[in-house]
Amino acid sequence: FMLQNELRKAIEREELRLVYQPRIDVKTGAVTSAEALLRWKHPNWGTVLPSEFIPLAEESGQMAELGEWVLRTASKQSVDWQRAGIAPIRVAVNFSAHQFLHRDAGERIRRILEQNELRPELLEIEITETALMGNEESVTRTLRQLKSAGIAVSIDDFGTGYSSLNYLRRFPVDSIKIDKSFVQDLCKSASDSTPFVQAIVSLAQSLRMTVVAEGVETEGQLSKLRALHCDEFQGYLFCPPVEAADFEAFLVRSQ
Ligand code: G
Ligand code: G
Ligand code: MN
Ligand code: NA
């Protein structure tokens, strides 16, 4: 309860912020987009992790407000970067199951984009496979709303859910993000994940989806991903999630 009360005040007190991690084109090394990740710095408790407070926000009905704040902040940020003379890059925002399955999800997102003057093709919504499970009707409705609005959707943590293949067949998305556990086992002799990554890449590409590898930490992993024709990657090797100002400096340097 205490955490929920504090969370309620967090937005007003400006304790929340977004950090951004670049997504990189494997072939060219260009930055293709920025994933926005939520951070909460409480005055007494210090940093509270999203894995701790997001489930609580969902339970207490605060997720809608929190989600709107995230979307608004990320949209404004993207527009600010453009106004600073940086070539437009897409921002990817994580959505929880509740947010994605809401009846008016698409309309709400569209409205926030409009209010903040962000073009819809500059937004991507990330959703995990688990969130899609067992909610076929609502998932289809939101996907249709987003598609007709021109907003991209990606499946996050791909490969860790139960029926990845089935979901890809039913729900056409723009990209899939291979979970970092597969990336981390790419160069391991004991539990080599190469055949799985290879299969995911080939499946995604035959469905004309972009494949993104998450959690790339070593040159070895990157060269393996390059050999497997993975499209994009994200990870500490290139850049961890950073403050907006640092991300901007980084974009300026790389353009
Ligand atoms: O860097 P990191 O520890 O932030 O991310 C932990 C988890 O929290 C990830 O699974 C990520 O998807 C989730 N997360 C981060 N920011 C948000 C957000 O704004 N909304 C939702 N729903 N999840 C988020
Ligand atoms: O939304 P998602 O579950 O994909 O959240 C991405 C998470 O992965 C965030 O917590 C982010 O901080 C983390 N992350 C980003 N790059 C790396 C990396 O190279 N290695 C590891 N272990 N984690 C990473
Ligand atoms: Mn994500
Ligand atoms: Na992930």
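This is a predicted model: local features need pLDDT of at least 70, side-chain atom pairs count only at pLDDT 80 or more; totals for chains, interfaces and linings use all residues.
Now to ligand 1. What is the make-up of the shell around ligand 1 by class? That shell has 8 nonpolar residues, 3 polar residues and no charged residues. The surrounding residues are Leu37, Leu38, Leu49, Pro50, Ser51, Ile54, Val70, Asn94, Phe95, Ser96 and Pro241. Two elements, strand 2 (31-42) and helix 2 (50-59), each give two or more residues to this shell. Which of the elements gives the most? The answer is helix 2, with 3 residues.

Helix 2 brings me to the packing of helices. Helix 1, residues 2-10, packs with helix 2 at an angle of about 90°, and their axes are 10 Å apart. Angles of 65 to 115 degrees count as roughly perpendicular, so helix 1 is roughly perpendicular to helix 2. On the helix 1 side, the residues in contact are Leu3, Gln4 and Leu7, and they meet Phe53, Leu56 and Ala57 of helix 2. By class, this contact divides into 5 nonpolar residues, 1 polar residue and no charged residues.

The second pair is helix 5, residues 105-115, and helix 7, residues 136-149. Their axes come within 8 Å and cross at roughly 30°. Because angles under 35 degrees count as roughly parallel, helix 5 is roughly parallel to helix 7. Here Ala105, Gly106, Glu107 and Arg110 from helix 5 meet Thr142, Gln145, Leu146 and Ala149 from helix 7. The contact of helix 5 with helix 7 has 3 nonpolar, 3 polar and 2 charged residues.

Let me turn to the chain as a whole. There are 12 helices and 10 strands in the chain. Its C-alpha atoms fill a box of roughly 50 × 45 × 35 Å, taken along the principal axes. For 255 residues, a compact globule would have a radius of gyration near 18 Å, and the chain agrees with this, because its own value is 18 Å.

Finally, the predictor's confidence. The mean pLDDT of the chain is 93, with 99% of its residues at 70 or more. For the complex, the predictor gives an ipTM of 0.97 and a pTM of 0.96.

Conventions. Residues are numbered from 1 along each chain as its sequence is written. Chains are lettered from A and ligands numbered from 1 in the order in which they are written. A residue is near a molecule or strand if its C-beta atom, placed from the backbone, lies within 6 Å of it. Helices (H or I, at least four residues) and strands (E, at least two) are DSSP runs, numbered from the N terminus. Ala, Val, Leu, Ile, Met, Phe, Trp, Tyr, Cys and Pro count as nonpolar, Asp, Glu, Lys and Arg as charged, and the others, Gly among them, as polar. Axes are lines fitted to C-alpha atoms, for helices over the stretch in contact, and angles run from 0 to 180 degrees between N-to-C directions. Angles under 35 degrees count as roughly parallel, over 145 as roughly antiparallel, 65 to 115 as roughly perpendicular and the rest as oblique. Two residues are in contact if their C-beta atoms, placed from the backbone, lie within 7 Å. pLDDT is the predictor's confidence in each residue, from 0 to 100. The radius of gyration is taken over C-alpha atoms; the globule rule is 2.2 Å times the number of residues to the power 0.38.
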